[in-house]
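Have the model open while you read.

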Amino acid sequence: MTSPQPTDADWWRQAVVYQIYPRSFADSDGDGVGDLQGILSRVPYLIDLGIDAVWLSPFYPSALADGGYDVDDYRNVDPRLGTLDDFGQLVEALHAANIKLIVDIVPNHTSDRHVWFQEALEAQPGTPARDRYIFRDGEGDQPPSDWDSIFGGSAWAQTPDGQWYLHLFAAEQPDLNWAHPEVRDDFLTTLRFWSDRGVDGFRVDVAHALVKDLTEPFKSKTELPRMSESNGVHPLFDRDEVHEIYRDWRKVLNEYDPPRSAVAEAFVPAARRARYASADGLGQAFNFDLLQANWDYAKFRRVIEENLALADQNGSSSTWVFSNHDVVRHATRYGLPNDPTGGWQDGKAWLLSNGTEPTVDVELGLRRARAAIMLMLALPGSAYLYQGEELGLQEVGELPAANLQDPAYFRSKGAEKGRDGCRVPIPWTVGGLSFGFGTGGSHLLQPKWFGQYSVEAQDGVAESTLSLYRKALAVRRGLQTANELTWNDGVDWVLHFTRPGGWQSITNFGEAPVELPDAAVVLSSSPLEGAKLPADTTAWLI
Ligand code: GLC
């Protein structure tokens, strides 16, 4: 069966997207913080890896109260990271290599240094300047409600004149009021600004939180519906009216040729995800279900079936992701004890809290991570990779407290260790200052063991994880077609499917080796045992 060739407008549907967290990728000027020229110098590496697109986490001016997700100015580059001219060079170099570029857009909140918030603070209560945000009077000396910020502590912060403003994340990230026309217009301007500069798509941060029902009296946090049952009635998240905003965005994105893509980061139940991924909305939405599943055959199978069906229903394509800048790296998660209730492996951002880390089985974690990525790359849909996972990099659990940056650590008063352990600058060389990250140090401290995971240590080594990713991406490029997938049922703990063209992927989640089907093996995540597929291994056959 042949599939239609995707038009350029459809490039995102089966793309392999590589996420770069710019401050931790490559540092060109030795200040310990990665930058755009650093990324530019590594474009040849991205070409060799064989990805289709780069997703760049925020590179905008920011005080880094939340790793750049506290944006001071949406239409500029943080001077520590470069200039708009550097950005132009990066777009040009990526496009010359046939790699698309997606940038992060953060519409739920600005930083507290944004010119609008500064104006709001200088203005009186009840003035239009305050109305771009969510200011309210408190109850005596108490905040307007008992809502918690996602990073811990109250979701309200008080200004010197006594009013409170809402911040679902850190206090330095005041939530915008999306009922305000100026807020709506300004983000359309931002979409055009980057689209005009050649950006191919947008990753929409906290896409499900923009519209809020702030009718008073506010419900107590104990009365708020659980997100899993929200169904559009939660006052703060996933309200149906949010899609009016994305319909306006889609019109702007469609002004371009090809239309700019968008992918929603929306923590909503699977059945409500389609709204974000609709053709008159953002077009695609992240699905974090695999990321949250333990290494478990039945869970993987259920998640894959459900998401392929959902994507089919609304003409989108599935997204798959195991790691990003918010979660413990999956090579580490899969080496943690398997807790049937979810627990350690379930991908929660903040699970390595101080003093309670269980022992990580590094070898097992890496073995499963290699099997998992081959499984994921064989699925229909787009695959999102996070910088360093192609090196099999482990989470850095031992960052000293004085070096931690994540507001989740500070706001939880240390109960949550936070997300810095997956954001440590990646190792390029076996040794040297900052393992080739730059000519200076590194803003998050790299551990001694980083060198063995470096690009230098793995380049050209046949059995390395980097080689596995390069080979898998090259094979996928030749075989990936449309959305079809046929299950080959057999043993309960073996996940086996065939794609159009006869490409088979088979993963053994069990403990004992299993017989391989009679077909030529193209690639395997660990060495095979004769004609048998060992435990925690994926093979591709054709
Ligand atoms: C998203 C980002 C995360 C950030 C939060 C607030 O979840 O991925 O890094 O802290 O939004 O912007």
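Searching the whole structure turns up five cavities of 30 Å³ or more. On a 1 Å grid over the protein atoms alone, a cavity is a set of points where a 1.4 Å probe fits but cannot get out, and lining residues have an atom within 4 Å of a point. Grid points are joined across faces, edges and corners, and a volume is the space filled by probe spheres set on the points.

This is a predicted model, where local features need pLDDT of at least 70, side-chain atom pairs count only at pLDDT 80 or more, and totals for chains, interfaces and linings use all residues. Residues are numbered from 1 along each chain as its sequence is written, and side-chain values use heavy atoms, with hydrogens and water left out.

The largest cavity holds about 120 Å³ of space. Its lining has 13 residues, with Arg273, Ala277, Ala285, Leu310 and Ala311 nearest the centre.

The second largest cavity comes in at about 60 Å³. Ten residues line it, and nearest its centre are Glu395, Val396, Lys417, Gly418 and Gly421.

## Around the ligand

Which residues are closest to the ligand? They're Asp66, Asp205, Glu265, His325 and Asp326, out of 14 that surround it (a residue counts if one of its heavy atoms lies within 4 Å).

Oxygen atoms of the ligand also lie by side-chain N or O atoms: 2.6 Å for Asp66, 2.7 Å for Glu265 and 2.9 Å for Arg419.

Terms used:
1 Å grid on protein atoms, 1.4 Å probe; cavity = no way out; pocket = protein on both sides within 12 Å on 5 of 7 lines; lining within 4 Å. Polar contact = N/O pair within 3.5 Å; in protein donor to acceptor, adjacent residues only side chain to side chain.
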